[in-house]
Amino acid sequence: LITLLIFVVILFVCSAVKYTHTVNKEPNNTVLEMSVKKALIDIANNEYKNNDNYIYAESHKILDSKVKKDEIYVYVVANYGMFNENNNELSSVNSKKGALTMIYKKDKNNTGIYELKEYKEDEIPDNLKEKANVNYEDTYFKEQLNSYCNKQKIKWVDVGELWKKGKKLYF
């Protein structure tokens, strides 16, 4: 009876360790989506200079992700850059479309998302090349882009600085 009890405890501990290892190995998909969105907007902001007449926007689809050592490799197809708004629809002013490999640090940064280390344009594994052949005019991509129409009209302000200066804030 004691031998059986010891066996069950050992089996439970081994299962818990394996489960914890598996859970900690896989990236959080929601955080990964947010990380890709932020990174693509940051890339567009760095590549294209805007005189505030245009909107930085992105649309993407994650094809796959893999954890390698302390990095997360994310394979995406994306449309990102600078767009013009016309009747709540965006049209490209200067943008890129294509496959990207985005490499993130596995640990989340202080904002709760994965930090982009580097990205490589037009570089994805051979087994994903067929999946990367997408129609960027598809509803899936268009809806993501057009969701930036109303978001970008709001000017971002540093609420903390306004608060320190005694400004009243209304939301």
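I am reading a predicted model, where local features need pLDDT of at least 70, side-chain atom pairs count only at pLDDT 80 or more, and totals for chains, interfaces and linings use all residues. Residues are numbered from 1 along each chain as its sequence is written, and side-chain values use heavy atoms, with hydrogens and water left out.

**Asparagine 79.** I found asparagine 79 in strand E2, residues 71-86. Strands (E, at least two residues) and helices (H or I, at least four) are DSSP runs, numbered from the N terminus. Is asparagine 79 buried or exposed? It counts as buried because its relative accessibility is 4%. Buried means under 20% relative accessible area (1.4 Å probe, protein chains only). I then listed its contacts (heavy atoms within 4.5 Å). Leaving out residues up to four places away in sequence, asparagine 79 touches Ala57, Glu58, Ser59, Ser95, Lys96, Lys97, Tyr136 and Leu145.

**Strand pairing.** Two strands pair if DSSP finds at least two bridges between them. E2 runs antiparallel to E3 (residues 89-108), joined by 16 bridges. Asparagine 84 sits opposite serine 91 in E3. Two residues separate the strands in this hairpin, and asparagine 87 has a positive phi near 55°.

I followed E3 onward. E3 pairs with E4 (residues 114-121) over six bridges, again antiparallel. Methionine 102 faces tyrosine 119 in E4. This hairpin has five residues between the strands, and glycine 112 has a positive phi near 90°.

**Helix H3.** I looked up H3, residues 139-146. Phe141, Gln144, Leu145 and Asn146 are buried there. Aspartate 138 caps the N-terminal end, with a side-chain oxygen 2.8 Å from the backbone nitrogen of tyrosine 140.

Terms used. Buried < 20%, exposed > 50% of the residue type's maximum accessible area, 1.4 Å probe, protein only. Polar contact = N/O pair within 3.5 Å; in protein donor to acceptor, adjacent residues only side chain to side chain.
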